Amino acid sequence: MINQQLTEVTTIHTILPNYWPHFIASPYAYYNHESVYLYQHPQFNGQEVILPWNNQFTGSTSIIFENEATAVVDINNLNKEEVYATLIHELFHCHQYHMKEKRFPNELVGIAYPLERENIQWRIQERECLNRALSIKNINKQREAIQAFIYWREKRKEQYYELVQYESHIETIEGPAFFIEFLAYKDIVNQTDELVLERYLKSLTDYSIMTNSIRHSCYPSGLAICLLLEKFSPKWKEELFEHQLTIYEILQKEFEPIARAPKKMHLASLDDLIREAEMNKEIEISSFKKTNGLLLTLIGKGRIQQFDPMNIIQSHKNFLHKNGMTIRLQEQSIYFSQPVLALTENGLNDVLQLQFVIDHPPEQTIDGIFIEGIGHFLGEIKQVGNNIHIILSN
């Protein structure tokens with residue numbers, strides 16, 4: 001099964017310079033629920049090795065594996081073209097690591113991103129301008145659309161600086177990676193450039209995604225900026241790691257400020273979009289609590305060590321980790337691949353309670369409590385209605 005998903009793995013490192021100048025090659029791995037297929041890793045003399053899956057391999061991402069930045073791709077729900085393009089994307093994140101990239105977003109800003117009406121209005125407006133800049137053929141009209149995009153972004157920066165910086169840093173980290181993923185996908189599929197571009201930019205002006213998935217919506221805007229930089233700042237790739245400017249700031253340098261304010265859009269549905277986004281958070285948390293199985297609550301202090309910012313929903317002091325979270329509890333590092341709801345204090349990391357669903361009740365043992373698939377803890381079990389609480393010992 002896994003071999004049907006793979007492209008010619010032995011040639012991937014030779015292809016990388018086609019996508020980015022001086023692209024530093026790194027080890028990479030494909031995996032499914034059972035096995036990890038690892039390539040080009042110096043720990044194994046660069047030979048292909050097959051390892052049993054473990055929780056280091058969660059999602060498609062870049063990790064430090066055996067002291068080396070390594071691209072990993074979950075092939076469970078991807079076809080071979082998507083596997084290839086996703087691998088190139090994740091290898092670029094390894095390249096950023098080697099280039100000592102520092103322009104990472106403050107993920108806590110994104111998780112707690114406030115849906116303020118004016119900011120969302122201007123955010124939608126700027127992305128419409130960005131989309132228009134890519135679709136216009138006339139160079140003067142294209143320049144005007146880019147200037148309008150810059151106008152609205154600067155207007156947002158005046159009042160929502162921290163939020164705009166968060167978005168700009170995501171665009172700078174993920175935009176180039178999404179850009180070369182787009183190039184790689186275009187190379188391997190039998191589709192027109194227009195169809196591939198539509199696939200990668202379809203969420204750029206999707207208002208629902210713009211309000212429901214703030215982080216994700218910065219991927220296509222980052223790609224759009226990269227595509228414009230290709231035309232208006234041809235050396236941007238060679239120079240990207242020589243400074244600390246965001247890709248937006250690189251584009252901004254190429255244009256004079258707009259002479260007059262562009263026409264403001266009227267969005268009759270704006271309040272509905274914001275209500276929908278807020279409601280969706282509550283629905284996701286409510287749905288989690290209705291999952292089949294036993295709802296278990298661990299009560300006691302813990303500290304989150306690792307989390308996936310793409311898969312967190314916040315509602316007040318509750319954080320729903322939908323995938324891949326590690327927490328320190330009673331001197332143990334506990335990994336959850338399943339959804340977990342954390343009640344916190346002082347932000348995201350300090351946890352007071354954890355809720356998750358289990359298939360079998362916890363077992364009282366001589367020296368503590370055993371939870372199948374999770375671990376062994378010191379504490380006491382209490383039944384509260386239909387739910388099980390475990391009060392952890394200090």
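Predicted model: local features only at pLDDT ≥ 70, side-chain atom pairs only at ≥ 80, totals over all residues.
Trainee: How are H6 and H10 oriented to each other, parallel or oblique?

Mentor: Start with the numbers: helix H6 (residues 139-159) and helix H10 (residues 218-232) pack at an angle of about 130 degrees, with their axes 13 Å apart. Angles over 145 degrees count as roughly antiparallel and 65 to 115 as roughly perpendicular, with the rest taken as oblique. H6 and H10 are therefore oblique.

Trainee: Which hand does the crossing of H6 and H10 have, and how many charged residues are in their contact?

Mentor: The crossing of H6 and H10 is left-handed. On the H6 side, the contact is made by Ile139, Gln142, Arg143, Ile146, Phe149 and Arg153, while H10 brings Ile225, Leu228, Lys231 and Phe232. Sorted by class, that contact has six nonpolar residues, one polar and, to finish, the charged ones, which number three.

Trainee: What about H5 and H10: parallel or oblique?

Mentor: Helix H5 (residues 117-135) packs with H10 at an angle of about 40 degrees, and their axes are 10 Å apart. Angles under 35 degrees would count as roughly parallel. That makes the relation of H5 to H10 oblique.

Trainee: How many nonpolar residues are in the contact of H5 with H10?

Mentor: Look at H5 first, where Arg123, Arg127, Leu130, Ala133 and Leu134 take part; they meet Cys218, Ser221, Ala224, Ile225, Leu227 and Leu228 in H10. By class, this contact has two charged residues and one polar, and its nonpolar residues number eight.

Trainee: H8 also meets H10, so to speak; how many nonpolar residues does that contact have?

Mentor: The axes of H8 and H10 come within 9 Å and cross at roughly 135 degrees, and the two helices are therefore oblique. Leu197, Tyr200 and Leu201 in H8 meet Pro220, Leu223, Ala224 and Leu227 in H10. The contact has no polar and no charged residues, and the nonpolar count is seven.

Trainee: Let's turn to the largest pocket. Which element gives the largest share of its lining?

Mentor: About 2,000 Å³ of space lies in the largest pocket. Of the 49 residues that line the largest pocket, the closest to its centre are Ser60, Thr61, Glu90, Asp308 and Met310. Elements that give two or more residues to the lining include strand S4 (61-65), helix H3 (80-98), helix H7 (161-188) and H10. The largest share, eight residues, comes from H3.

Trainee: And how many polar residues are in the lining of the largest pocket?

Mentor: Let's go through the classes one by one. The lining of the largest pocket has 10 charged and 17 nonpolar residues, and its polar residues number 22.

Definitions and conventions. Residues numbered from 1 in each chain as written. Heavy atoms only, no water. Axes fitted to C-alpha atoms, helices over the stretch in contact; angles between N-to-C directions. Helix = DSSP H or I, 4+ residues; strand = E, 2+ residues; numbered from the N terminus. Left-handed = near helix turned anticlockwise from the far one by under 90°. Contact = heavy atoms within 4.5 Å. Nonpolar A, V, L, I, M, F, W, Y, C, P; charged D, E, K, R; others polar. 1 Å grid on protein atoms, 1.4 Å probe; cavity = no way out; pocket = protein on both sides within 12 Å on 5 of 7 lines; lining within 4 Å. Points joined across faces, edges and corners; volume = space filled by probe spheres on them.
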